[in-house]
Amino acid sequence: MRVPLEWLSDYVDTSVSPDPHALAAELAGIGLEEEDFFGPTVSGPLTVGRVLSAEPEEHSNGKTVNWCQVDVGEDAPRGIVCGAHNFSAGDLVVAALPGAVLPGDFAIAARRTYGHVSDGMICSARELGLGEDHDGIIVLTRLGLDEQQLAALQPGDDATALLGLDRVTLDVNVTPDRGYQLSMRGIAREFAMLKGQEFADPADVQVEAPDAEGYPVELADAAPIHGVPGCSRFTAVTVTGTDPQARTPFWMQRRLLEAGMRPISLAVDVTNYVMLELGQPLHAYDAAKLSGTITVRRAQAGEKLTTLDDVTRTLDPEDLLITDAGDGAPGSRIIGLAGVMGSAALEVTDATTDIVLEAAHFDQVTIARTARRHKLPSEAARRFERGVDPELGPAAARRAADLLAELAGGTVSPHVTEAGSAPARRVIDLPADLATRRVGVEYSQEEVVDLLAAVGAEAVPADADAAVPMLRVTVPSWRPDLTEGVDLVEEIVRAGGYGEIPSVVPQAPGGSGLTAAQRARRRVSNLLADSGLSEVLTYPFTSAERADQMLLGEDDPRRAMVRIANPLGEDRPLMRSSLLATLTDAVVRNTGRGFKDVAVFEAGQVTEGGRPSDRPGPRFLPGYHPTAAELEDVFGSVPHQPFHVAGVLAGHAVPPSVAGAGRRADAHDAIELVREIARSCGQTVTVRADARAPWHPGRCARIELASGAVLGWAGELHPKVCENLGLPARTVAFEIDLDALVAEPDSRTWAGVLSTYPVSRQDVALVVDAALPAAELMETLRTAAGEELESLEVFDVYSGDQVPAGRKSLALRMTFRAADRTLTADEASALRERATAAAAAAHGAEVRS
């Protein structure tokens, strides 16, 4: 919210904080943090000048310029070359003299151009930062200054102060729960609370009582969302006989520009001005184009509306509409998207003389969803979705009507329409000592009452005989965010000053520390980082096309993805069901920027869809606390979101160097990383050959836990997948379900001690069927050898002339160690023989001599 300090001074005494930077710091102390600071952008001599002569000269480049003599209050006029033609001799203009610096650090100096020395510049609005108009220079008599100002102007007068170029504007950050601060009225109230001042309320205007002769309005919201009507109050005021050629006065244009809005026309500027002043959005309709009763209703599926930005939009049944009869039945013609934007059909033009002003109160949720659905983040929607004072409509409509009557010569109709009514103000019972108990600062009951009054709340004793004194607090109408006692405590603290709260470092409560799942996640992330992989974080949004690119089968459950109601982009409207669907983008991005060797991993949730329980959950109003059954319904509607870990390796696992040619990452690297992850969590896994997209069917491994549960898959990605995604050839990857890993009991015995006895190694070569997975053979050997077998590894695989056809030889190293003694060679050999005998019985293994 941009806050012009000169405008703010209309309602409060800002002279108590003459330094704008100090004022910004004080506002930050009550929650209005400074976002930006707009100070004077023009320096040096900027004066009022009178054009004495303007002689047009045509030059060889085809351009005609004016050679002007301009009186700037000096002994002799200055000669200035000007390319604009919207002025003539006798006009008062704005001249920047040599030494001036305009916005954009544009320094003015005497320059030779078009055969003359131009001793300054006659300025346009854009050159001075007053708007976007650059077609002609500023003629002060047409700028909208009042007659008294114009009569007093003399050549040589300072134009900086005249145009308000010496003013300061603060841009403050307004949090979503404090919509009332999106107005000069709201900021003035906050400043008055900060300084203990009274403030002149701009909404304090005389409002006519509504009657039946005002413009007819009907509220016909037949299907309110969450039981809350889309429009609770609608005020309409008519202004007749306005001058359609009346221009917006300069003081209003200047304030709109300072607040970040572009002046358009008088009627539009007045509604924008009142919205900025009071916080109540308004809309102006050409009364001559209205037909029949104004009806507020929900849209019907398939209805269309062309908004003021000339875009035709297909409406949703949740959208709230402003309609009239048009050429048909009441409510048949759409004239506005309620709270967001009007239609082009009833737009006020330069021929409009009679105007109907709308000031309504709309449901926050409805307006927020409509604005996002149609991508229309208007200033009106921004205020409605944060909460507008429901009691403000009549005052805002009257304020705008009075301004139109004053500036365009119109007549305000005495007949005012008011459909619906403002809801009763919320009442909260507050223990008088709650702020003291919650904050640790002593607040007396009288202080609590005074501090609540400073924010607009009225507090009175509720029960003098109660053991704990209670206050009955009536919440101001502009504060829908105050719903319970702790909200009032926050306001008490804010009004009393955050600086009054002592800084005390809290003592950390005792507890169990990280959960087992949290420890596992950190352990796995540290392991992968130590292994040379870089951790990345990708957006969890994907598309059905990505499933096609990854060659997922039509019946693959990973294709059943949850669709997002309001996606960031229509190209990625689905929640990912696999980390690799988005992690591969990080690899493509890095390889595309010249990195040849990339190793990345990501740990995060995936979203599973397609279950019968996957449905939209119930919706509740802000501030409502669901019951236990409703909470169960909410959680039951949330799709299953397991925590996965995935990694992708492209290029070299061992980079080339003077020591050798290096080695490219292959499927074994991905599989071994999964083994390491399992070992770090005290698990043993079995690796089996498998075929699963997006991996190569001949280089894919399924990793199973000891319980038989599938941990994940690892291997080389399918060549077509690499081509579809733009990955380097032979990229390898893995993805595992960390939740499944954590669910397994940890097999490590933490109470034991490390054996200090030496190991005994036994090597054996077994000839088995070529189709037998090594993991299956190793599992048999491990089970038969017993707990003295410390490790088992394959160090050679052979298939050739020395073994029968259809067979292969696996050379394995068996390492034995006992916890309580040194194993003899005979004992180790006996354990080896027992293991190989089990392999022979189970798999027909033969010891190769």
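Author: Gladly! Helix H7, residues 266-278, packs against helix H10, residues 393-408, with the axes 10 Å apart and an angle of about 140 degrees between them. Helices here are DSSP runs (H or I) of at least four residues and strands (E) are runs of at least two, numbered from the N terminus. The axes are lines fitted to C-alpha atoms over the stretch in contact, and the angles run from 0 to 180 degrees between N-to-C directions. H7 and H10 are therefore oblique to each other; under 35 degrees counts as roughly parallel, over 145 as roughly antiparallel, 65 to 115 as roughly perpendicular, and the rest as oblique. The crossing of H7 past H10 is right-handed, a term for a near helix turned clockwise from the far one by less than a right angle, with anticlockwise being left-handed.

From H7, the contact (heavy atoms within 4.5 Å) takes in Leu266, Ala267, Val270, Tyr273, Val274, Glu277 and Leu278, while H10 brings Ala396, Arg399, Ala400, Leu403, Leu404, Leu407 and Ala408. Sorted by type, the residues where H7 meets H10 are 12 nonpolar, no polar and two charged. In this sorting, Ala, Val, Leu, Ile, Met, Phe, Trp, Tyr, Cys and Pro are nonpolar, Asp, Glu, Lys and Arg are charged, and the others, Gly among them, are polar.

A word on the basis: this is a predicted model, where local features need pLDDT of at least 70 and side-chain atom pairs count only at pLDDT 80 or more, whereas totals for chains, interfaces and linings use all residues. Residues are numbered from 1 along each chain as its sequence is written, and side-chain values use heavy atoms, leaving out hydrogens and water.

Now to the backbone. Most residues other than glycine have a negative phi, and most peptide bonds are trans. Tyr114, not a glycine, has a positive phi of about 50 degrees and sits in the loop between strands E9 (111-113) and E10 (116-118). Tyr114 is partly exposed at 26% relative accessible area; buried means under 20%, exposed over 50%, and partly exposed in between (1.4 Å probe, protein chains only). Leu551 also has a positive phi, of about 60 degrees, in the loop between helix H15 (544-549) and strand E30 (574-575). The peptide bond from Ala693 to Pro694 is cis, with omega near 10 degrees.

Finally, the cysteines: the model has zero disulfides, a disulfide being a pair of cysteine sulfur atoms within 2.5 Å. Cys722 is in none, and its nearest cysteine sulfur, that of Cys700, is 13 Å away. Cys722 is buried at 4% relative accessibility.
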